[in-house]
Amino acid sequence: MKKFVWPHDAQCAVCLTFDNLGKAYDLYRYGHAQGMASEGEYAVKRGVPTLLALLERHEIKATFFVEGWNGEHNAALLKEIVRQGHEVATHGYLHEQWHTLAPEEEKHLLEKATESLAQA
């Protein structure tokens, strides 16, 4: 078997994934956004843009798991993630606890989330 050579003489590979773009989980779990002063907005306003700049500076691509609700309410940020060449994957509609859902409800929420992300 031929030995694989990583680009730039790297010794390993790392898979970066990011989860929960905004308020969806807190809305699902608590009915409102949590957070001391951020009110669930830090990720959207500062965290993800800072992270995107870091990834771009180092020419790193990542996967962002985004809830459908967050995609609907943060379409500009989602478009920027895609524009920079990152992968977007669905993470439910409101970050649901899948083991608690009936199969029909799970299917409905995945379809709703996928449509929301596609629209955004």
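This is a predicted model: local features need pLDDT of at least 70, side-chain atom pairs count only at pLDDT 80 or more; totals for chains, interfaces and linings use all residues.

Tutor: Residues are numbered from 1 along each chain as its sequence is written, and side-chain values use heavy atoms, with hydrogens and water left out.

Student: Which residues of helix α4 are buried?

Tutor: Helices are DSSP runs of H or I with at least four residues, and strands are runs of E with at least two, numbered from the N terminus. Buried means under 20% relative accessible area, exposed over 50%, and partly exposed in between, with a 1.4 Å probe and protein chains only. Seen down the axis of α4, the buried residues line one face, because they fall within an arc of 100°, the arc being that of the directions from the helix axis to the C-beta atoms. In α4, which spans residues 75-83, the buried residues are L77, L78 and I81.

Student: Which exposed residues does the face of α4 turned away from its buried side carry?

Tutor: The criterion here is the exposed class, over 50% relative accessible area. On the face turned away from the buried side of α4, the exposed residues are A76, K79 and R83.

Student: At what angle do α2 and α4 pack?

Tutor: Axes are lines fitted to C-alpha atoms, for helices over the stretch in contact, and angles run from 0 to 180 degrees between N-to-C directions. Angles under 35 degrees count as roughly parallel, over 145 as roughly antiparallel, 65 to 115 as roughly perpendicular and the rest as oblique, and α2 and α4 are therefore roughly parallel to each other. Their axes lie 11 Å apart, and the packing angle is about 10°.

Student: Which residues does S116 touch, not counting residues up to four places away in sequence?

Tutor: S116 lies in helix α5, and at 6% relative accessibility S116 counts as buried. Along with L109, A113 and L117, S116 belongs to the buried residues of α5, which fall within an arc of 95° and so line one face of the helix. Leaving out residues up to four places away in sequence, S116 touches G68, E72 and Y93.

Key. Contact means heavy atoms within 4.5 Å.
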